Amino acid sequence: MSQRGIPMRHKPFMLIVVCIFVVLLSGCWDREELQQLSIVSGMAIDKGSDKIKNRYRVTVQIINPSQVAGGQQGGKVQASPVTTFTETGSTLAETLRKISTKTPGELFFPHLQVMVIGEKVAKEGIEDLFDMIERDAQFRVLFPVLIARGHATAKETLEVTTPLEAIPSAKIGDALKSSEEDWGTYKSTRADQVIQGLKSGSVVVTGVRIDGEAKSGNTTTNTQQISPSTQIEIKGMALFKDGKLENWLEGHAARGVTWITNEMKRTVINLNCGKKKEAIAIEISRTKSSTHVTIKHQKPVIYITVHAEGAVLENNCSKDLGKSQVLGQLDEQLEEEIKQEILLTVKKAQKQKSDIFNFGETVNIANKHVWNNINNSWEKNIFPETEVHVNVQAIIRRTGMTTKSYINK
């Protein structure tokens, strides 16, 4: 026997086993060459021409790698950085297989940047769409989902060209990210969050709309203008109940969702100055929200707590921000403004009987016995009548380089 405890006669056998494993594990069984794949960057789903054979009209946006990487070469006419293919079918799986007969390679979805669903489809229901997406391992369900608003279809929304971003689907994704991080009103909803929301009963999904003529957006001339005639705008939050679009949340009501779900990153709130409306701009830079439940007479009472910090960005008011008393008043105004936004959102959700905040899960964690008794009637009867209290603690940390407005000078 060798010094390491392995008999000499077994060493040739072990060497053969190791060699076999090296051969078997040295590659991916399902690998595909990059040039054999059609990389899908965006997908649009619209209503088809009928309710059975052509239930869905699906469009995929495929990246042209040579144009994205190399741009225009020599005297050749530059091609579009992306190409779209559209087909109809009764299921999403069938329609995508039909599209694959038109594309130069196998559809490749792991790099999907955005999915846009038409408003007509959303009103009829989106539960069936996400059944395939959840089952198919090709879909990494971390991409954002948006609802195309108005008369423009999801396909038209996905095909709007812009001068600053060559790939339309990437432009939509960037606009959504900027809206979420800088404005705070419209949050990004990933596919996995939509799936979870559909299972629980209610969910909100951000909207996107075309500002201008849809036909003009799908032309190269739209990218050659200093002020494009057609643009993409992130607008509104679609409120879903039982898989169907019920209503839209706008402005402050939409921002209330972000406050409650602890997804606020940064935003600007305007405060009144006496009779002068919205004269002071406060940038909110740090926030933390939490929700807890107490049980009162076998019914849940919900408490929402928000902590926020901000700074004065603009002061079109005669108030001297150098005085602690003035800053204290602004803190109170800011707290009340945030509180009213949250209450506005809660009331709208209660009116629609849609627990888009997942309060039900919080009740379940707080008291399983109570939740088991009200689970079946939660959204329909209990949630609309549930008592909700909001406590906001806000403080303005900075006032900028000057404490007085130009109005005082």
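Which residues does Phe 357 touch, not counting residues up to four places away in sequence? In this predicted model, Phe 357 touches Val 257, Ile 260, Thr 345, Val 346, Ala 349 and Phe 383, where contact means heavy atoms within 4.5 Å.

Local features need pLDDT of at least 70, side-chain atom pairs count only at pLDDT 80 or more, and totals for chains, interfaces and linings use all residues. Residues are numbered from 1 along each chain as its sequence is written, and side-chain values use heavy atoms, with hydrogens and water left out.

Phe 357 is among the residues with the most contacts inside the largest nonpolar core. A nonpolar core is a set of buried Ala, Val, Leu, Ile, Met, Phe, Trp, Tyr and Cys residues joined through side-chain atoms within 4.5 Å; buried means under 20% relative accessible area and exposed over 50% (1.4 Å probe, protein chains only).

| Core | Size | Residues include |
|---|---|---|
| Largest nonpolar core | 66 residues | Leu 249, Trp 259, Ile 304, Leu 334 |
| Another core, lying apart | 37 residues | Tyr 56, Val 58, Leu 129, Val 205 |

Helices are DSSP runs (H or I, at least four residues), numbered from the N terminus.

In helix α5 (residues 127-135), the residues Leu 129, Phe 130, Met 132 and Ile 133 are buried. Seen down the axis of α5, these buried residues fall within an arc of 155 degrees, so they line one face of the helix; the arc is that of the directions from the helix axis to the C-beta atoms. Asp 128 and Arg 135, on the other side of α5, are exposed.

Conventions. Helices (H or I, at least four residues) and strands (E, at least two) are DSSP runs, numbered from the N terminus.
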